[in-house]
Amino acid sequence: RVWTRIDELSAAKHTGKTVLLRARVHNTRGTGKQAFLVLRQRFVTLQGVIFVGPAVSKQMVKFVASLSKESFVDVEGTIVGVPTPIESCTLHDIELHVTKIFTVSSAMPRLPFSLDDATNVEPLEGVETTNSNSEPEDNLIRVGLDTRLDNRVIDLRTTTNQAIYRLQSAVCLLFREFLTSQNFIEIHSPKIIGTASESGANVFAVTYFKQQAYLAQSPQFYKQMAMCADFERVFEIAPVFRAEDSNTHRHLTEFVGLDLEMAFYEHYHEVLDMLDKLFVFIFKGLRDRYANEIKAVQRQFPVPEFKFLEPSLRITFKEGVAMLREAGIEMDDYDDLSTANEKLLGKLIKAKYDTDFYMLDKFPTAVRPFYTMPDPSDPNYSNSYDLFMRGEEILSGAQRVHDPVLLEERAKEKHIEISSIQPYVDAFKYGAPPHGGGGIGLERVLMLYLGLGNIRRTSMFPRDPKRVAP
Ligand code: ATP
Ligand code: AMO
């Protein structure tokens, strides 16, 4: 038997042909002698019709009309062209005249929510939308995020979610494609580690036989040790664990880290140049290869198109602080950016340069991890940077200290017990190339690119301080 996919069907090729499909029942409607059923595969729908006739009994029509939504069925029938377009289906110029239908797996008659309700336009708190009034004035039902996450498998069947997770896959694909083309290799570093790499407080401890171990907060030490081992250019796509009790729209306790590290020759800006090209490649790839998915998400979440410059905008931390001060913000030279100031700076930059993406270079040394290289010409600042999308951080990175003496000194200043990071420090004792890199949060990139306002919308089964199921 030959199985057909709905998205392969066309009036030109299939009119008059008999086809066999396995699909979900998106909905049904019966009128005695005939019944309509919308069949769905992933995000494409096709109208099916069944009439009483020589091969079809009245009971069969009744059975079709009574099928519960979301059931899986095997259907055989003939493809017929229709004179007036079927607005409610993706394929609007053909329908399927059903001759045989079998239930493969039936869904409970009551769903936690309807898929149609779950795709109604959603008001987005604190996110700029294309309509001036982001609070829709209609009586449509909206499904809350918790209800969706509690019933995630059903929620994920919506067209919007089908598109979001294809786009998530696309970001990883483009990340891999670009870096591979630049002679990076993909590595896999351990997720059970003996010591914290970022700071002590936010690690999940696990009992590891007779000793204590931790879930990796970042592949930081390992991607740097790969530099010491002469791999020159590496990347990793892997889970990152953070025991932060942050109940915000942008923190998860487990997220997917897109990390990279590279040796450079003369200046750490070689790393920034690489990051610039990487992000432009990703943004263009999404825009040019995934326009349909982006459109599908925008139907539910109407936000302005994501804008970027080529090459990307690059400003220094000092310049950023000056812009904030000009806007009336009081802050010291070496203060970190608060979340509010980060967002404000994003707005100021958008107004001035019309870009939703920029790089902020030369952060104060005091607010960066111990492994960050201070700027040799002014050690109050460092050779480190954050990248922002729509005014929120999506990447942190830096040139690293590759001199073991300075590394120990910097660790001690940050009150880190050297014995706890000894194997990492030792890695630099046998010669190490100057190198730098960065870590990106996959869910944040997608949330901000699409303007979804909550990171839980871009994590298939999100983990936050209150949620470990499903
Ligand atoms: P990010 O800065 O986005 O959190 P990061 O990994 O660099 O990413 P930190 O710099 O440690 O993490 O995060 C601190 C920022 O997150 C602060 O600016 C703070 O505003 C915000 N934040 C953290 N926890 C909370 C919380 N519980 N409620 C509100 N905001 C929080
Ligand atoms: P950092 O801790 O800033 O840097 O993390 C890098 C990027 O990871 C994402 N991110 C998160 N995403 C979701 N939930 C969280 N709780 C969360 N925390 C961070 C952000 C952030 O920009 N070792 C360095 C990277 C480096 O220097 O190479 C690091 O981990 O997008």
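**Terms and model.** I take helices (H or I, at least four residues) and strands (E, at least two) as DSSP runs, numbered from the N terminus. The model is predicted, and local features need pLDDT of at least 70, side-chain atom pairs count only at pLDDT 80 or more, and totals for chains, interfaces and linings use all residues. Residues are numbered from 1 along each chain as its sequence is written, and chains are lettered from A and ligands numbered from 1 in the order written.

**Ligand 2.** I looked up the shell first, counting a residue as near if its C-beta atom, placed from the backbone, lies within 6 Å. There are 24 residues around ligand 2, and Ser-218, Phe-255, Ser-396, Gly-439 and Gly-441 come nearest. I then asked which elements supply at least two residues of this shell. They are β11 (254–263), β17 (392–399), β18 (435–441) and α13 (442–450). β17 gives the largest share, six residues. By class (Ala, Val, Leu, Ile, Met, Phe, Trp, Tyr, Cys and Pro nonpolar; Asp, Glu, Lys and Arg charged; the others, Gly among them, polar), I find seven nonpolar, 10 polar and seven charged residues around ligand 2.

**Ligand 1.** Around ligand 1 I list Ser-246, Asn-247, Thr-248, Arg-250, Ser-338, Thr-339, Glu-393 and Ser-396. This shell has no nonpolar residues, six polar ones and two charged ones. Ser-396 is on the list for ligand 1, and Ser-396 is also one of those that come nearest to ligand 2.

I followed the pairing next; two strands pair if DSSP finds at least two bridges between them. Eight strands form an open sheet in the order β6-β10-β11-β18-β17-β16-β13-β12, and the pairing is mixed. β6 (185–186) and β12 (313–316) are the edge strands, each with a single partner, so one side of each has no neighbour in the sheet. β13 (residues 357–361) and β16 (residues 384–389) run antiparallel and are joined by five bridges. Across that pair, Tyr-358 has Phe-388 in β16 as its bridge partner.

**Helices on the sheet.** α13 packs on the sheet and touches β11, β16, β17 and β18, with its direction at about 60 degrees to that of β18. Angles run from 0 to 180 degrees between N-to-C directions, on axes fitted to C-alpha atoms, for helices over the stretch in contact. α5 lies across β6, β10 (233–241) and β11, running at about 155 degrees to β10.

**α5 and α7.** Where do the axes of α5 (residues 159–181) and α7 (residues 269–289) come, and at what angle do they cross? I read within 9 Å and roughly 135 degrees. The two helices are therefore oblique to each other (under 35 degrees is roughly parallel, over 145 roughly antiparallel, 65 to 115 roughly perpendicular, the rest oblique). Contacts here are C-beta atoms, placed from the backbone, within 7 Å. Leu-167, Ala-170, Val-171, Leu-174, Phe-175, Phe-178 and Leu-179 in α5 meet Leu-278, Phe-281, Ile-282, Gly-285 and Leu-286 in α7. I sort this contact into 11 nonpolar residues, one polar and no charged.

**Barrel.** Five strands close into a barrel, ordered β1-β2-β3-β5-β4, with mixed pairing. From one strand to the next the twist averages 55 degrees. β4 (residues 72–81) and β5 (residues 94–105) run antiparallel with 10 bridges between them. I note Gly-77 opposite Val-98 in β5.

**Hairpin.** β14 (residues 374–375) and β15 (residues 378–382) run antiparallel, joined by two bridges. The hairpin between β14 and β15 passes through two residues. Pro-374 stands opposite Ser-382 in β15.

Notes:
Contact = placed C-beta atoms within 7 Å.
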